[in-house]
Amino acid sequence: MQKTLKKLFILSALALSTSVISTSVIGATSYANDGVITDESRNRTIPINITLPSNNAKCTAQVKCSVAFINAGYGISHNEYTFASNVFNQRGYLTVAVAHELKSDPDLNREQPYLTTRMENWHRGVVTLKFLVNELSSEYPAYDFTKLTLFGHSNGGDISSLYGSIYPNEVSTIITLDHRRMLIPRNKNIRVLTLRGSDYPADANVLLNDSELDKFPVTQIMIEKSRHNDMYDGGPKWLVDRMSKEVEGFLDSKN
């Protein structure tokens, strides 16, 4: 299994390196006032929502503040995770909520095995994140884009996990809400929190077994009576409050 996964990540990295290099053309980016960045090399508009931390005046090029990317679940707006943005903003993070799915994109593949059939979707998401990191790091020099926190629900969590597996030196923390397809990175330098819904199981090897949990800084929490599709702002208040508290506790525990 580990050899197969290693080959998968190597192929992913090779494919991504070609795509990412193409985004570095001078003048390849344009900015609009409505929160859209255009990657001209892919002819792709990327809706984003950037929120500054509450203590942004303390963030400087000499003492940089942290950055969190928020990756929405499939079919859910990137602006529907404000509970998470608020938690990050209160703790000094710049948040970048990203819309990964456009109307022109192919539908999410429903055929097994997902590690193969959905790789195109996850690849596209990783290329988008890498592009945004390269572009926004110069626009926001008071923030640290070299040690990212990646937050993702469902398919957004799969994208986050793949990014962390391909670019482990650029990621310090991953937080997912019931992602079920992409394996959590087994990396001692990446802290992971995954909050699990109770209505669907994850695919094989996505989550860590007991022996792996002893080796890696991964926290897996099942939330009883929670539903996969409710893990966003529009979910029941008790669930949104619970997710907020779990994320708060996890972020605060690193200190």
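**Close-up 1. The surroundings of His-228 in this predicted model.** Setting aside residues up to four places away in sequence, His-228 touches His-153, Ser-154, Asp-178, Arg-180, Asp-199 and Tyr-200. To find His-228, look in the loop that runs between strand S9 (218-222) and helix H7 (237-253). Is His-228 buried or exposed? Its relative accessible area is 5%, and because the cut-off for buried is under 20%, His-228 counts as buried. Pro-201 makes a handy landmark here: it sits 27 residues from His-228 along the chain, and the two C-alpha atoms are 9.9 Å apart.

**Close-up 2. Thr-149 and the residues it touches.** Thr-149 belongs to strand S6, which covers residues 148-153. With a relative accessible area of 1%, Thr-149 is buried. Which residues does Thr-149 touch, once those up to four places away in sequence are left out? They are Val-67, Ala-68 and Phe-69, then Phe-88 and Tyr-93, and finally Ser-172 and Thr-173.

**Close-up 3. The disulfide between Cys-59 and Cys-65.** How many disulfides does the model have? The count comes to one. Zoom in on the link and you'll find the sulfur atoms of Cys-59 and Cys-65 2.0 Å apart. The angle about the S-S bond is -90°, and the link between Cys-59 and Cys-65 is left-handed. Both ends are tucked away from the surface by the numbers: Cys-59 is buried at 8% relative accessibility, and Cys-65 is buried at 12%.

**Close-up 4. Helix H4 packing against helix H5.** H4 spans residues 119-139 and H5 spans residues 155-166. Their axes are 9 Å apart and meet at an angle of about 65°, so H4 and H5 are roughly perpendicular to each other. As for handedness, the H4 and H5 crossing is right-handed. On the H4 side, the contact is made by Met-119, Asn-121, Trp-122, His-123, Gly-125, Val-126, Leu-129, Lys-130 and Val-133. H5 answers with Asn-155, Asp-158, Ile-159, Leu-162 and Tyr-163. What classes of residue make up the contact of H4 with H5? Eight are nonpolar, four are polar and two are charged.

Conventions
Residues numbered from 1 in each chain as written. Predicted model: local features only at pLDDT ≥ 70, side-chain atom pairs only at ≥ 80, totals over all residues. Heavy atoms only, no water. Disulfide = S-S within 2.5 Å. Buried < 20%, exposed > 50% of the residue type's maximum accessible area, 1.4 Å probe, protein only. Axes fitted to C-alpha atoms, helices over the stretch in contact; angles between N-to-C directions. Helix = DSSP H or I, 4+ residues; strand = E, 2+ residues; numbered from the N terminus. Parallel < 35°, antiparallel > 145°, perpendicular 65-115°, else oblique. Left-handed = near helix turned anticlockwise from the far one by under 90°. Contact = heavy atoms within 4.5 Å. Nonpolar A, V, L, I, M, F, W, Y, C, P; charged D, E, K, R; others polar.
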